[in-house]
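Please have the model open as you read.

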Amino acid sequence: MNRTELREAIATETGLSGAQADQALSAVLDTITATLAKGEKVTLPGFGTFETRERSAREGRNPQTGETMQIAASTAPAFKAGSGLKKAVSGN
């Protein structure tokens, strides 16, 4: 499912117009992004938790040349599925 299909599903489920559903979807995604950028978690009970994880600096290899290189420390977004989502996907 892509963004357009998700927007249409939201519009159908809620009775909103396509433009209103797109605004709602954008608002949700923007809010999650802004919250993660501040280093905070977003928890949706039964669905999951969006959070950031710190990756430490490490040594890696260039796959083309095999040359050793330093990979800088970074912060990456992560998602941990909740029990309700796990049950729905597994069919239990």
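The report below starts with the sheet and ends with the pocket.

This is a predicted model, in which local features need pLDDT of at least 70 and side-chain atom pairs count only at pLDDT 80 or more, while totals for chains, interfaces and linings use all residues. Residues are numbered from 1 along each chain as its sequence is written, and side-chain values use heavy atoms, with hydrogens and water left out.

Strands (E, at least two residues) and helices (H or I, at least four) are DSSP runs, numbered from the N terminus; two strands pair if DSSP finds at least two bridges between them.

The two pairings of strand 2 (residues 48-55) are set out here.

| Pair | Sense | Bridges |
|---|---|---|
| Strand 1 and strand 2 | antiparallel | 3 bridges |
| Strand 2 and strand 5 | antiparallel | 8 bridges |

Now for individual residues. Leu44 stands opposite Gly48 in strand 2, and Val42 has Phe50 as its bridge partner in strand 2. Phe50 also stands opposite Phe79 in strand 5. The hairpin of strand 1 and strand 2 has 3 residues between the strands, and Gly46 takes a positive phi near 85 degrees in this hairpin.

Which residues line the largest pocket? They are Leu6, Ile10, Ala24, Leu25, Val28, Leu29, Ile32, Leu44, Phe47 and Phe50. A pocket is an open set of points on a 1 Å grid over the protein atoms alone, where a 1.4 Å probe fits, with protein on both sides within 12 Å along at least five of seven lines; lining residues have an atom within 4 Å of a point.

The largest pocket has a volume of about 240 Å³, the volume being the space filled by probe spheres set on the points, which are joined across faces, edges and corners. Helix 1 (3-14) and helix 2 each supply at least two lining residues, and helix 2 gives the largest share, 5 residues.
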